[in-house]
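Q: I am new to this structure and would like to learn how to read it. Could you walk me through a few features?

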Amino acid sequence: MKYICAFFLSTFFLAAIGYTAELPSAVREALRSANIPLQDVGIYVQEINSPAPLLALNAKQAMNPASTMKLLTTYAALELLGPAYTWRTEAYVDGKLDDGILTGNLIIKGYGNPKMTAENLWLWLHDLRSRGLREIHGDLILDHSAFAAQEDDTGAFDNDPDRAYNVAPDALLLNFNAIRLRFIPEEERVNVYTEPALAGIKLENRISLKKQRYCGNWDSNINISLSSSGKTIRIQGTYPAVCGEHEKVVSLLAHTPYFDAVFRSLWREMGGTISGKTQDAQVPASAVLFATQYSQPLSEIIRDINKYSNNVMARQVFLSLSLKRDTPVNNISEVTSDFSAASAEASPPASLALSEAALRNWISNKGYDFPELVIENGAGLSRKSRISPDSLALLLRDILLSPFSAEVVASLPIVGVDGTMRKRHNNCEVTAHAHMKTGSLDGVKSMAGYLQSKSGKQWVVVFFINHPKASVGQLAQDELLEWLEQNF
């Protein structure tokens, strides 16, 4: 990298700020070396106090932003729902509870908590036990009705439905619907364990230990599948002994059987029993609210979404935009942490269409028009999503005017320090001087965020690459950040 981590004298200093400069030679050279034509690149760079951009290349062109689309979703959520917004999960009893024995059904209703982990569920089930529930002589009923039914084809994006990032949103999402498989080689065999434990699901381990000198791609010869009955996870193939311990995260079960397997495992672990089956249904009028669990506040949730580009959580938050009240929030002081609680039951279930309408209405109320905007799921895990560098830069500038700007900026990866930017620009001048959301898909490489240059000026930066060789365009993005940090 010619100029990374080193100061250089640019030939493109501006006579006066406010006029668009030429693209830096280092950026041009990096794109040329990657065989990426300028027509497939979108760039917008502007100092926050300047009326005009420093750099603008194809700035109004509709492009696929990949995961930088999460900036739009998380910012809208902060302003529409409020940073203290929390998601409820409710437990109802339908029957007689006497001396720890429920003669009837236990109903669990979710409202879209993006981060109910197995640990959170464990704590909540302990709360149910402490409230006097020990034996359930009836069924476990799961109510997903706060969200409209979602697209079943989880493999539509990349024909790989078992990948954890392809999990569809659900009002009763648990642990991202993920199964962590731990591979631990011993002298003659490879042990495989699942986390969390799954009651009623058998693990069929047909992995053989392979003696070889190098590890390589340790999982390239491993096949993981679910039996047609949905009760057995089959793992076949070979595992190199030299690789040591490794983990692989997959999503094999639908939401209901996954919740059922984890619930029963944890409930049994703490001495509880349940005699009935598990089914999906809505809370009946005869049921009585027994206990409520609350999620982390939205201001914490968006850190996981943006720092680590969590697609499942982003999709949950996007759908939650249509759980809010119908009246737009015209004054930020109107935002409260629980304003949607009472209205959720009376409103139609959250849907992609309703959430998109809420988001577009929010954009319109700000006085903006993004005619090129295409939203598929709010996460950017999409071949259809589109926004222009100019529109995303406008959004980034608007964030700085929001009462919640600190929450958004703090949620972005710090260059060279954490999140998806942890390994970029290590020990360079730009390290810790920029907060950048990144995005990557086949044919897409993007970044968008804020940079503080050597002079102390603050910059909005957007850099999209939409080209089959986009993955090798990262150097050009890195060159731009170094050039901007050193010269302005």
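**Reading the cores and a helix pair**

A: Let us start with the nonpolar core. The largest one in this predicted model has 52 residues, and Leu 72, Leu 298, Leu 359, Trp 362 and Leu 373 have the most contacts inside it. As a general idea, nonpolar side chains tend to be buried together in soluble globular proteins.

Q: Which elements give two or more residues to this core?

A: They are helices 2, 5, 6, 8, 9 and 10, together with strands 17 and 18. Helix 2 gives the most, with 8 residues.

Q: Which residues does Trp 362 touch, leaving out those up to four places away in sequence?

A: Trp 362 touches Leu 72, Tyr 75, Ala 76, Glu 79, Leu 80 and Leu 395. Apart from this core lies another, of 46 residues, including Ile 108 and Phe 263.

Q: At what angle do helix 2 and helix 5 pack?

A: The angle is about 180°, and their axes are 11 Å apart. Angles over 145 degrees count as roughly antiparallel, so helix 2 is roughly antiparallel to helix 5. Among the residues that meet are Leu 71 and Leu 78 in helix 2, and Leu 298 and Ile 302 in helix 5. The contact divides into 7 nonpolar residues, 3 polar and 1 charged.

Q: Is Asp 260 buried or exposed?

A: Asp 260, found in helix 4, has a relative accessible area of 14%, so it is buried. Setting aside residues up to four places away in sequence, Asp 260 touches Leu 140 and Thr 278.

Technical notes:
Residues numbered from 1 in each chain as written. Predicted model: local features only at pLDDT ≥ 70, side-chain atom pairs only at ≥ 80, totals over all residues. Heavy atoms only, no water. Helix = DSSP H or I, 4+ residues; strand = E, 2+ residues; numbered from the N terminus. Buried < 20%, exposed > 50% of the residue type's maximum accessible area, 1.4 Å probe, protein only. Contact = heavy atoms within 4.5 Å. Core = buried A, V, L, I, M, F, W, Y, C linked by side-chain atoms within 4.5 Å. Axes fitted to C-alpha atoms, helices over the stretch in contact; angles between N-to-C directions. Parallel < 35°, antiparallel > 145°, perpendicular 65-115°, else oblique. Nonpolar A, V, L, I, M, F, W, Y, C, P; charged D, E, K, R; others polar.
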